[in-house]
Amino acid sequence: MSIRAAAAEDLEKVLDTLTLAFVADPPIRYAWPRPSDYLAGFRRFTVGLGGRGVEHQSAFVTEDFSAAALWLPPGVEPDAESIGALMAETMPEAKLAVIGQVLEQMGGFHPTEPHWYLAAIGVDPARQGRGLGSALLKHALRFCDAQGLPAYLESSNPKNLPLYERHGFEVMDVIQPEDFPPIYPMLRNARR
């Protein structure tokens, strides 16, 4: 299986894949319950969360774009300003307070030391179950291990926990204020 870094001209294809992969994601659909709102907001959210990975050559795709992962290398952060503006503009006002609690709790688990952050990973639903997500994880985790750095992610779907655990991630806790679906912050120490 061929995996490569996504180039700037690949961003729309990466977003297509991730939009399909997250269409039934519980926390994402909590934030954007109506299909039109999801389609209007998710791509911009994803760019804010992990789009900087493309410019740092830490966004990876399979050759046919059926799977994509947006990693942020050490020292690169999500675009919090654009995410905040997008949330205020597109998410139901009644849910913003709960989502604010989620973001605050997530910030408490996010490592402060140098690390690799998996902002988003997804596989086209028509291609799931074929090892594409595992292949993307293995590819990027080689960089973490080579640099002796941990990797961090927030799993937004409990069905994905076994996948991450097979690759060495451990659940740190559960984030679930009020009626929000659970999010699992997960950390993986570097392996030598």
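In which helix does Ala40 lie? In this predicted model, whose local features need pLDDT of at least 70 and whose side-chain atom pairs count only at pLDDT 80 or more, totals for chains, interfaces and linings use all residues. Residues are numbered from 1 along each chain as its sequence is written, and side-chain values use heavy atoms, with hydrogens and water left out. Ala40 lies in helix α3, where helices are DSSP runs (H or I, at least four residues) numbered from the N terminus. Because its relative accessibility is 47%, Ala40 counts as partly exposed (buried means under 20% relative accessible area, exposed over 50%, partly exposed in between, with a 1.4 Å probe and protein chains only).

The axes of helix α1 (residues 11-21) and helix α3 (residues 35-50) come within 10 Å and cross at roughly 120°, the axes being lines fitted to C-alpha atoms over the stretch in contact and the angles running from 0 to 180 degrees between N-to-C directions. The contact (heavy atoms within 4.5 Å) is made by Leu11, Glu12, Leu15, Asp16, Leu18 and Thr19 of α1 and by Tyr38, Leu39, Phe42, Arg43, Thr46 and Val47 of α3.

In helix α5 (residues 80-90), Ile83, Leu86, Met87 and Thr90 are buried. These residues cover an arc of only 100° around the axis, which puts them on the same side of α5, the arc being that of the directions from the helix axis to the C-beta atoms. On the other side of α5, Glu81, Ala88 and Glu89 are exposed, while the cover over the buried residues of α5 includes α3 and α6 (93-109).

Methods
Helix = DSSP H or I, 4+ residues; strand = E, 2+ residues; numbered from the N terminus.
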